[in-house]
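Subject: Model for your files

Hello,

Here is the structure I promised to pass on. My notes on it follow below the entry.

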Amino acid sequence: MNELIIGGILLVVLFGFLASGLWVALSLLMVAISGMILLGNDAFGLIYATSTWGAVSDWSLAALPLFIWMGEILFRTRLSSDLFEGLTPWLGRVPGRLLHVNILSCGLFAAVSGSSAATAATIGKMTLPELKKQGYDDKMAIATLAGSGTLGLLIPPSIILIVYGVAAEVSIGRLFIAGAVPGIMLVMLFMGYTMYWALRNPSKVPSDTVSYSWSVKLKALLKLIPVALLVLFVLGSIYGGLTTPTEAAAFGVVGALLLAYTGSSLTRESLVGSLMGATKTSCMILLILAGAAFLTVAMGFIGLPRMLAESIAAMQLSPYLLLFILTLLFVVLGCFLDGISVVVLTTSVVLPMVLQAGIDPLWFGIYIVLVVEMSQITPPVGFNLFVLQSLTGRDMIFISKAALPFFFLLLFAVVIVTVFPGIVTWLPSEMTAN
Amino acid sequence: MRFFLNKLYHGAGVLSAVCIVAICVVILARVVGRWMGIVVPSSDDFAGFLLAASSFLALAYTFQHGGHIRVSLFTSRLSEKSALFCERFVLVTASVLVAYLAYELCYMVWESWSYEELSSGFVAIPMWIVQLPVALGMVIFAISVIDLAACSLLFGKRIPLSEEESLAEKDFIKIDGNDRQDSKGEGQ
């Protein structure tokens, strides 16, 4: 049977099963098995077993449960309120004041938690009532939360970058380094826009009532130091080449436990809760990864990715046009699939095509995470929007409209990174050169 | 029976959590050993084996807690009756699929055992020992899927919501209490 017909049937099978609510990992397996049957290959049972074993016993993946566990421990400490109290006195003079607390606490919290929905919910639960009480514009409060909730996907140690690194065979350490500059750029874009907005709409920001003395500021800083040290230590040891990401993750767990212990929020209950939470999340991700590994092998047998790559080469499609089409595809996929599923689906089908077009897989990893972030707040179906809807009780149209500027800021970031790929690749090449 | 099955899922979940702690310990031992000039033999391999065991043993536990991701964007718009029908279809499909895959993984373990395969690292371990938890986890997963399928067909039991789904549905905070009523189901 022709590859294109098989590809078409598989696409129908995939979307049919996904839409009917079959678990994503099982849908991937279904597609792979259907493909093998259509091809007339009857050894798929054996191939399934070997590809699954190969995928899940890969030691570089061991970073995944450890980073998730670290996040789960910190999630159960006073971290979110410490961030809020620690940052507030420092942002008193920046136009937009408390709105920046939303952005920065999301950025920092996201760096350790890795889930954008959980970040938006945890930070929002604390900052939204406070912003409301002080008379900030609702729309902008929700918008900053929606936008910066997605930061967790990019800012290292990001779970989704580990998944991409393993699936696309790119060094996880290098991906973490590559994510740093675009992550900072995104935070600056968000803060810059908020300042611009605050200067344009002074009526929607309450006039300054509190001014903070230096002693208050320094006391606030003390609350930020422990978590800042932990993040610096974990990332620093990876960036400095002292440890592999997996080893840094193990230290991260120890550091998080220490932080929870000294903050006296380490109870038997929180320890067991964090561990079981990490077990569930990492199991869910690994089942998807195992499904994707089998799908990749099956796709290789069918020859679909190779055929797509060859036809792209024959069409002489410019990389920009290819990226434009892929961006549209990912935003649509991201509207109903979670980021990790989008990434593994992509690597099993699209990656050969991307490599054929001469695109750096390291750069592509950061690009795809940015696009996935964007899809999280795509109006009106992005997942973060649903979380904010339940958080605030506002209707979807209001939330979508509020989040729209941040959607465009993310789009702008994608364009910048595409036009100046050096933003992504400069730091990793600089650091590995020494 | 219900009591026994729940114990089984939970027990496997706890074992899986223990594996994650063990991964952490193995990795730490490896780094500390490196500082002191001691090589912890095959620590990479062990971390990989523990990861495999951990991820498969937790399958049923995660499934029971709604941890596995599925797309509910379309099915959540259905009426109660058609949603239940959809869930039954999905559960029966999943039961057949997972049972078959569990059989294939068991077959892999049996082959490793009969050919006396050894792991390729410094410390050679019979492969069937490290592969056994993977097959076992998948078998328990198959039992839990069939269990839920049976409960769905017999008693109309629903698939548990995921944590993120309940995050998106729970009203855990209300800022504008009066805005609440007219926002339900609008503009989705």
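**Around A:Ala260**

A:Ala260 touches A:Ile73, A:Thr77, A:Ser265 and A:Leu266, leaving aside residues up to four places away in sequence; a contact here means heavy atoms within 4.5 Å. This is a predicted model, in which local features need pLDDT of at least 70 and side-chain atom pairs count only at pLDDT 80 or more, while totals for chains, interfaces and linings use all residues. Residues are numbered from 1 along each chain as its sequence is written, chains are lettered from A and ligands numbered from 1 in the order in which they are written, and side-chain values use heavy atoms, with hydrogens and water left out.

A:Ala260 sits in helix H12 (residues 245-262) of chain A; helices (H or I, at least four residues) and strands (E, at least two) are DSSP runs, numbered from the N terminus. With a relative accessible area of 1%, A:Ala260 is buried (buried is under 20%, exposed over 50%, partly exposed in between, with a 1.4 Å probe and protein chains only). Its C-alpha atom is separated by 37 Å from that of A:Asp395, 135 residues apart along the chain.

**Cavity and pocket**

The search ran on a 1 Å grid over the protein atoms alone: a cavity is a set of points where a 1.4 Å probe fits but cannot get out, a pocket is an open set with protein on both sides within 12 Å along at least five of seven lines, and lining residues have an atom within 4 Å of a point. Grid points are joined across faces, edges and corners, and a volume is the space filled by probe spheres set on the points.

There are 2 cavities of 30 Å³ or more. The second largest cavity holds about 40 Å³, and A:Ala260 is one of its lining residues, as are A:Ile73, A:Arg76 and A:Ser274. Helix H13 (residues 268-302) of chain A gives the largest share of that lining, 3 residues. By type, the lining has 4 nonpolar, 4 polar and 1 charged (Ala, Val, Leu, Ile, Met, Phe, Trp, Tyr, Cys and Pro count as nonpolar, Asp, Glu, Lys and Arg as charged, and the others, Gly among them, as polar).

The second largest pocket has a volume of about 710 Å³. Of its 29 lining residues, A:Leu11, A:Leu308, A:Leu329, A:Val349 and A:Val350 lie nearest the centre. The lining divides into 25 nonpolar, 4 polar and no charged.

**Chain B**

Chain B has 7 helices and 0 strands, and 45% of its 188 residues are buried. Helix H5 (residues 127-155) of chain B has 29 residues and reaches 42 Å from first C-alpha to last, close to the 42 Å expected (1.5 Å times one less than its number of residues). H5(B) bends by about 25° at B:Pro133, the bend being the angle between axes fitted to the seven residues ending there and the seven starting there. B:Gly156, with a positive phi near 70°, follows H5(B).

**Backbone points to check**

- The peptide bond from A:Pro156 to A:Pro157 is cis, with omega near 0°; A:Pro157 lies in the loop between helix H8 (138-149) and helix H9 (159-168) of chain A.
- A:Glu169 has a positive phi near 55° and is exposed, at a relative accessible area of 75%.
- B:Glu116 has a positive phi near 50° and is exposed, at 65%.

Regards
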